[in-house]
Amino acid sequence: MKIQRHGAVLGLVAASSLLLGACGSDNNTGAGGSTSSATAASVPVDCGGKAKLNAEGSSAQKNAVDAFIQAYKAKCSNGDLAYNPTGSGAGVKQFNAGQVDFGGSDSALKAPAEVEAAAKRCQSNPAWHLPLVFGPVAIGYKLSGVDGLVLNGEVAAKIFNGGIKKWNDPAIKALNSSANLPDKDIAVVYRSDESGTTDNFQKYLKTASKGAWTQGDGKQFKGGVGEGKEKSAGVAQAASTVDGAVTYVELSFAQDNKLSIAKIDTGSGPVELTNETVGKSIDGAKIKGQGNDLVLDLDSIYGTTTAGAYPLLLATYEIVCSKGYDADTAKAVKAFLTVAATDGQAQLADAGYAPLPKAFQDKLLTAIKAIA
Amino acid sequence: MSTGLADPSRLATPPTFQSVSTGRKIKNGLATVLVWLAFAVAVVPLVWVLYTVVARGFPSIVDADWWQKSLSGLLGRQQGGGAYHAIVGTLLQGLVCGVISVPIGIFVGIYLVEYGGRSKLARTTTFMVDILTGVPSIVAALFIYALWVTTLGFSRSGFAVALALVLLMIPVIIRTTEEMLKIVPDELREASYALGIPKWKTIMKIVIPTALSGILTGIMLALARVMGETAPVLVLVGYAAYINFNLFDGPMASLPLLMNVERNNPTQAGYDRLWGAAITLVLIITLFNLLATVVSRWLAPKTK
């Protein structure tokens, strides 16, 4: 008797879970997913293949990938992709272990260990780096009465390593002759957690500071001054509450927290951070990798002296197999990346990233097409 | 002061009730205050947590979409979507974990109480269960990762999570089963034997039904506990914003995982989803606890 009752309870649970199983939906198109078709080049996308792709890696490109997924779902109704923003290191590890279809990373694979592991994962074919997402990093500051502050690599390095302590320092004055700089302490705010933004910022300082930055690079801030805050949101928020604060943070966070954004003088005049200036510097980037392996020579971006090119960017790669996917996966990966490089770009500016310039987009599309 | 040394003429027959001395009043008051304080210390955080979760999460879960849709194809800052994918994942992983660990746990419990006695095997088992009880969930997760993913070469999946949860759930079930079987009076067993009933039948028909309500409560509580585990889902499965019913392949969301992902989403939408997922998890676990209470009442031995 009692056993039967027990069975009835289990049956009830099973029935209710089945009921729950019957009415779920992945369709969220009504919720403002307006992928405008404002892209210049409408490239035909060969939808199909594996329905649900799986990717993992850099959290810096998470919002961009979200936008790509939205565009991908709009274009290929059956396609979908899961992106786990667990960090570049985890992304590379999971890609090399064959757990995900492609990885996202702030930095290129390290030779020889990671490169070899990736080649093994791709059935003895090389893995390619596709720099699909560029995030401009702003030097954001809050200083009442001062707009359009101009810095260069050297001065920025000195500010962030404590060489310059006051806003009216002669070195800053030299770059901002017309500005009325107050006699105020500079309050540096940095990222206390490990971050690709910090890594890229320090690499920039190393390249562009003419030797003023001696602290090296890495994911931890090494300047030794200021106050540390967690995550981009924390950093931007902290900087926005202190008059005299300065920090480095992804553009969208600087904008959201109403920080002023410094122009950077690369040697040919002050450059404001805009989509155009960032695009110009992406266009000018040299490729270190061979053929379709688009590893960027970051020094060519950070050290740019081209007029109107904004040098401080975070480039993130999608790491894919050149060959070695099964046919279904290859088809879906190609479709997703194609959408990402074309339709997906439309929403990037809103999310704080820089859309790809045309010439660079073509390079990427050639590489994506060559994936087999 | 008023009473302690009363009128000497009435010493012979002191009144039954003397009024309480000030010192004792103060001690009484102090003790009362301390007890209430201790009570408040215990209850205030609980109420506070509940209030916070409900106040922040409630707006999310009253939307019908929350229970019917996934977050597939939504940007981090876009409102909308739901936690269906995560609810499905949590329930499926919990269910599979339960299906595996309940029989094992109950049988081990029966062995320990009814057959093992003081034998070497029983003592070793008890010792191992003790150790397993103390294993942190992250260690269980890493063990399964090493075994299932690295050594056996399977991909990360919801099933791997269920396996890690099994490691956490089995010792709890063994323990409750053991305790419940121990409190079944020996007289019942002896009466059964006296009627010539074999041991296995005695266990099946007498011992288990008597202890069933307690065992079931234990199972439900253990299930509720493992469904809130975070470490295994972080290590053993990827997050997917879409609905995945396949336990053996591909990323699969669950409520703790959803919360972990949305914690890094600084927008209002992320905040809403984070707290919405929190209250959903609390609700599901409450539901299981209620179910446990109801079932155990229902199945409790009827004593007239």
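Is A:Lys331 buried, exposed or partly exposed, and what is its relative accessible area? A:Lys331 is partly exposed, with a relative accessible area of 33%, where buried means under 20% relative accessible area, exposed over 50% and partly exposed in between (1.4 Å probe, protein chains only). This is a predicted model, in which local features need pLDDT of at least 70 and side-chain atom pairs count only at pLDDT 80 or more, while totals for chains, interfaces and linings use all residues. Residues are numbered from 1 along each chain as its sequence is written, chains are lettered from A and ligands numbered from 1 in the order in which they are written, and side-chain values use heavy atoms, with hydrogens and water left out.

**Chain A as a whole**

- Chain A has 13 helices and 14 strands, counted as DSSP runs numbered from the N terminus (helices are H or I with at least four residues, strands are E with at least two).
- The C-alpha trace of chain A spans about 85 × 55 × 40 Å along its principal axes, and buried residues make up 51% of its 372 residues.
- Among the contacts in chain A with a separation of 6 or more, 74% come from residues 24 or more positions apart, a contact being heavy atoms within 4.5 Å.
- Chain A exposes about 15,200 Å², of which carbon and sulfur atoms supply 51%; accessible areas come from the Shrake-Rupley method with a 1.4 Å probe, and for residues only the protein chains shown count as cover.

- Side chains of opposite charge can pair when their charged atoms come close.
- Over all chains the structure holds 23 salt bridges, each defined as a side-chain nitrogen of Lys or Arg within 4 Å of a carboxyl oxygen of Asp or Glu.
- One of them joins the side chains of A:Asp26 and A:Lys52 (4.0 Å, N to O); because A:Asp26 lies in the loop between helix H1 (2–21) and strand S1 (52–57) of chain A and A:Lys52 in strand S1, the pair ties together parts that are 26 residues apart in sequence.
- Another is formed by the side chains of A:Lys331 and A:Asp46 (3.9 Å, N to O), linking helix H12 (residues 327–341) of chain A to the loop between H1 and S1 of chain A, 285 residues apart.
- A:Asp46 counts as exposed at 52% relative accessibility, and A:Lys52 counts as partly exposed at 32%.

**Where chain B meets chain A**

- In the contact between the chains, 40 residues of chain B touch 41 residues of chain A.
- The area buried between chain B and chain A is about 3,300 Å², with carbon and sulfur atoms giving 55% of it; buried area is the accessible area (1.4 Å probe) that two parts lose on being put together, summed over both.
- In chain B, the residues that lose the most area to chain A are B:Arg156, B:Tyr242 and B:Trp298, together 18% of what that side buries.
- The count between chain B and chain A is 1 salt bridge, in which the side chains of A:Glu56 and B:Arg156 meet (2.7 Å, N to O).
- The elements giving two or more residues to the side of chain B that touches chain A are helix H3 (84–116), helix H5 (137–151) and helix H11 (268–299) of chain B, and H11(B) gives the most, with 4 residues.
- Both A:Glu56 and B:Arg156 are buried.
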